[in-house]
Structures are given as structure tokens and as C-alpha cells.
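Biologist: I would like to learn how to read strand pairing in a model like this one. Could you take me through it step by step?

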Amino acid sequence: MFLNKENILFDKEGHQCFLLEDYGHGEMVQANVFLIADNKKGILLDPGGHKVFKPLFSDISELIGIQNLKYIFLSHQDPDIVAGLNGWLITTKATALISKLWMRFIPHYGLDRYVVSRLKPLEDEGGILKLGNSEIFIIPAHFMHSPGNFQIYDPVSQILFSGDMFFSFGMDYMFVNPGDDIEKHLKEYVEPYVKRFMGGKQIFKPYARMLREIDEIFGIKMIAPQHGAIIKGHDNVMKTIEWMENLEAGPDIIGPVFKIPNKPIIFD
Ligand SMILES: [Fe+2]
Ligand SMILES: [Fe+2]
């Protein structure tokens with residue numbers, strides 16, 4: 001197993017959060033997979049495609065025992081989240097969870113008939129999931145970027161697993177630590193993607209309100225997105241929320257491209 005200290009995001013009194021990453025990316029987009037375990041019962045977040053299935057499977061077997069994998073959380077319908085789902089359902093007893101919007105679409109990834117009933121729909125409001133002795137919050141994150149989209153907040157570790165929101169590419173680090181230049185990180189490596197992929201101000205405002213409420217009640221100490229760098233420290237988390245809240249993105253800025261095309265598409 002490749003796990004080093006940096007891959008253990010939290011480990012206290014039987015509750016653990018692991019970053020499972022770096023299985024070799026090939027042509028695939030870099031992706032972070034997370035495992036939350038409480039008293040050895042696990043939930044796997046966004047397990048991705050076929051090529052990472054094998055190493056992920058053996059890591060989970062080693063960390064908690066594959067029979068203890070209770071849930072597979074699918075933040076939304078994209079291939080980097082769902083493509084390998086049939087393998088997971090065949091080889092585990094886990095229940096997979098996804099927005100109700102995607103229930104009829106996911107079988108196109110090749111779900112076998114005898115496992116399809118273990119894919120369960122989530123209502124738009126999300127909910128609270130019992131995991132071991134802990135509770136995991138499945139929070140609404142629609143239009144960031146999928147119309148049926150959820151994130152996970154874990155009140156024990158105080159980590160927000162933000163899915164595609166706040167994802168980043170291109171930097172040579174995996175963590176933004178307290179005291180690091182969070183503004184530079186957001187501007188250079190997060191903003192180009194948030195601006196194009198995410199739902200814009202109408203969504204960011206209520207989302208920020210919900211995150212602030214979560215922070216007041218439970219605290220948020222880390223944001224762990226599904227691609228790129230993990231943002232650590234309460235100050236950095238708050239700066240990230242503030243930055244996002246005032247950003248124009250998606251529908252706010254895409255209007256001008258809606259014109260009848262007038263250029264041929266040429267492939268070299
Ligand atoms: Fe996505
Ligand atoms: Fe993604």
C-alpha cells in the first residue's frame with residue numbers, strides 16, 4: 001500500500017479519513033478518492049473508473065476489510081465518479097447512493113441486473129447517514145456542477161468533501177496549508193474551472209449560507225475536492241467561501257457565446 005502520512009487526513013478515536021490517490025493517471029484526469037471510516041465501517045466517495053478499481057479495492061481491503069464497506073457515495077453522474085460502479089457492486093455488499101435524477105442513466109455504465117437494486121436515490125435535500133458510531137451529512141450541491149449533485153460533510157473530522165467544487169489542476173502541490181497563499185491558489189488554479197463549470201451566483205449565495213451555518217455549528221477545517229489540491233485550515237476555508245460567493249460563473253458569463261456559429265470546424 002502506498003499510504004503515507006499525508007494520505008491520512010484524519011485519524012482519531014476510531015474515525016478516519018483517507019485520501020486514496022496517485023494510482024497512475026494515464027490519460028485520465030487526476031482524481032482524488034476518499035474513504036471515511038468509523039469503527040471500521042466505511043463510505044467510499046466517488047470511486048471513479050475501471051483503471052483505479054483494482055488498486056483501490058486492495059487498499060480498502062487492507063484499511064477496513066472489503067466486507068465493511070457500507071456505502072459508495074456518488075456525488076454526481078460523471079464517468080470519473082461512476083464508471084467503475086458495476087465492479088464495486090459485484091464485489092462488495094455496499095449500497096451506492098446518487099441523486100434521484102440519475103437513477104435511470106447510471107445503468108448505461110453497464111450495471112448488471114442483479115446489483116442494480118443496490119443503487120439508491122437521494123432526494124434533493126440530501127440527509128444524514130449513519131456510519132459506525134458517527135453521522136455523515138450528505139449536503140445539497142446542485143449545479144456544482146451537475147443538476148443532481150451532492151457533497152459530504154463529516155462533522156467528526158470537520159472536512160467538507162466538495163466533489164468537483166473547488167477542484168484545481170496544474171499546480172505542483174497537493175495541499176494548501178495554513179499560511180500558504182490561498183488567494184494565489186484560488187485565482188490561478190481554481191478560478192478557471194469554477195468559472196466555466198459551476199452554477200454561478202444564484203447557487204453560490206445559498207451554498208455559502210449553508211456552509212457558514214455548518215461552520216458555526218460544527219466547524220469546517222478542510223475542503224477536500226475530487227480533483228487537485230486539498231485546502232487546509234479554517235482561515236483558508238473561510239477565504240475560499242468568501243471568494244466563491246462573489247464570483248461570476250457559468251450562467252452569469254456564458255451568455256455571449258449564444259450566437260449562430262459562422263466558422264467551419266477543421267480537424268488537422
Ligand atoms: Fe464532474
Ligand atoms: Fe470530477
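Modeller: Bear in mind that the model is predicted. Strand β11 (residues 159-163) and strand β13 (residues 222-225) run parallel and are joined by four bridges.

Biologist: Which residue of β13 does F161 stand opposite?

Modeller: F161 has A224 of β13 opposite. As a general idea, side chains in a regular strand alternate between the two faces of the sheet.

Biologist: In what order do the strands of this open sheet lie?

Modeller: The open sheet has seven strands with mixed pairing, and their order is β8-β9-β10-β11-β13-β14-β12. At the edges stand β8 (127-131) and β12 (175-176); each has a single partner strand, so one side of each is left without a neighbour in the sheet.

Biologist: Which helix packs on the sheet, and which strands does the helix touch?

Modeller: Helix α6 (residues 234-245) packs there, in contact with β12, β13 and β14 (230-232), and the direction of α6 makes about 120° with that of β14.

Biologist: Let us turn to another strand: how many residues of β6 are buried?

Modeller: Counting a residue as buried when 20 or more other C-beta atoms lie within 10 Å of its own, four of the five residues of strand β6 (residues 95-99) are buried, and the strand is mostly covered.

Biologist: Which residues stand opposite A96 of β6?

Modeller: I72 stands opposite A96, in keeping with the three bridges that join strand β5 (residues 69-73) to β6 in parallel. In strand β7 (residues 119-122), which pairs with β6 in the parallel sense over four bridges, the bridge partner of A96 is L119.

Key. Residues numbered from 1 in each chain as written. Chains lettered and ligands numbered in written order. Predicted model: local features only at pLDDT ≥ 70, side-chain atom pairs only at ≥ 80, totals over all residues. Pairing = 2+ DSSP bridges. Helix = DSSP H or I, 4+ residues; strand = E, 2+ residues; numbered from the N terminus. Contact = placed C-beta atoms within 7 Å. Axes fitted to C-alpha atoms, helices over the stretch in contact; angles between N-to-C directions. Buried ≥ 20, exposed ≤ 12 C-beta atoms within 10 Å, placed from the backbone.
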